[in-house]
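Q: Please take a close look at one part of this model for me. I would like to follow it from what surrounds it to the details of a neighbouring residue.

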Amino acid sequence: MRIRDIFPEPLMAQGPWSRDAADRQLIGVSGPDALDFLQRLCSQDLERISDDANCPAAFLDGKGKLLATCLVANGAGGFWLETDADQAHGLLEYLDRYHFAEDFELHGPDEFMCSELMGPGSLAMAGAGAGKVVGNDGAILITGERYGLEWARWHARKGGPNPPWTGANPGALT
């Protein structure tokens with residue numbers, strides 16, 4: 001399925017569009033051993049992700065079966081795994097199962113709410129370029145562009161700051 005099949009060009013040309021309570025969740029891994037720990041479990045070579053950048057990755061079980069796909073973001077004090085909401089708790093359990101003596105903290109998906117902005121002008125409205133991760137007052141901004149569609153996702157702790165596009169009046173997707 002293509003993005004154009006989901007969001008027709010006439011609709012996207014009127015964007016950007018926003019939605020609160022997007023179906024993405026965030027898991028944080030921070031501390032001195034976070035990189036080494038994730039490097040052992042993740043399909044992506046995390047040592048190659050530059051600071052304040054993100055890339056796609058996967059987590060597999062011991063038999064090579066896919067457990068979760070996500071964006072891995074490096075920045076804002078740790079690594080941030082952004083995944084579909086239906087995969088987040090399974091991924092958190094998987095990470096916790098293999099956490100033995102390493103020195104790092106896990107921040108669960110229930111700590112964050114996700115707001116999403118997508119369509120033309122999303123990156124400018126979010127104030128960041130594509131493929132970035134930015135920390136701001138207890139919130140994480142992750143941005144990207146895929147198949148010509150710009151997007152930005154704001155993960156804030158409950159009661160945390162509003163997304164940078166608040167008040168800019170993007171359209172609403174339900």
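A: Happy to! The cover over the buried residues of helix H4 includes strands E2 (24-30), E3 (53-60), E4 (66-75), E5 (78-84) and E6 (105-107), along with helix H3 (34-41). Do keep in mind that this is a predicted model.

H4 itself spans residues 85-97, and its buried residues are Gln87, Ala88, Leu91, Tyr94 and Leu95. Looking down the axis of H4, these buried residues fall within an arc of 135 degrees, so they line one face of the helix. On the face turned away from that buried side sit Asp86 and Glu93, both exposed.

Among the covering elements is strand E6, and histidine 107 has its place there. Histidine 107 counts as buried because its relative accessibility is 13%, under the 20% cut-off. Leaving aside residues up to four places away in sequence, histidine 107 touches Leu26, Ile27, Gly28, Val29, Ser30, Phe112 and Arg157. With Ser30 there is also a polar contact, side chain to side chain, at 3.1 Å. As for valine 29, 78 residues separate it from histidine 107 in sequence, yet their C-alpha atoms are 6.4 Å apart.

For cysteine 42, the nearest cysteine sulfur belongs to cysteine 70 and lies 5.9 Å away. Cysteine 42 is buried, at 10% relative accessible area, and cysteine 114 counts as buried too, at 4% relative accessibility.

Notes: Residues are numbered from 1 along each chain as its sequence is written. This is a predicted model: local features need pLDDT of at least 70, side-chain atom pairs count only at pLDDT 80 or more; totals for chains, interfaces and linings use all residues. Side-chain values use heavy atoms; hydrogens and water are left out. Buried means under 20% relative accessible area, exposed over 50%, partly exposed in between (1.4 Å probe, protein chains only). Helices (H or I, at least four residues) and strands (E, at least two) are DSSP runs, numbered from the N terminus. The arc is that of the directions from the helix axis to the C-beta atoms. Contact means heavy atoms within 4.5 Å. A polar contact is a pair of N or O atoms within 3.5 Å; within protein, one must be able to donate a hydrogen and the other to accept it, and residues adjacent in sequence count only if both atoms are side-chain atoms. A disulfide is a pair of cysteine sulfur atoms within 2.5 Å.
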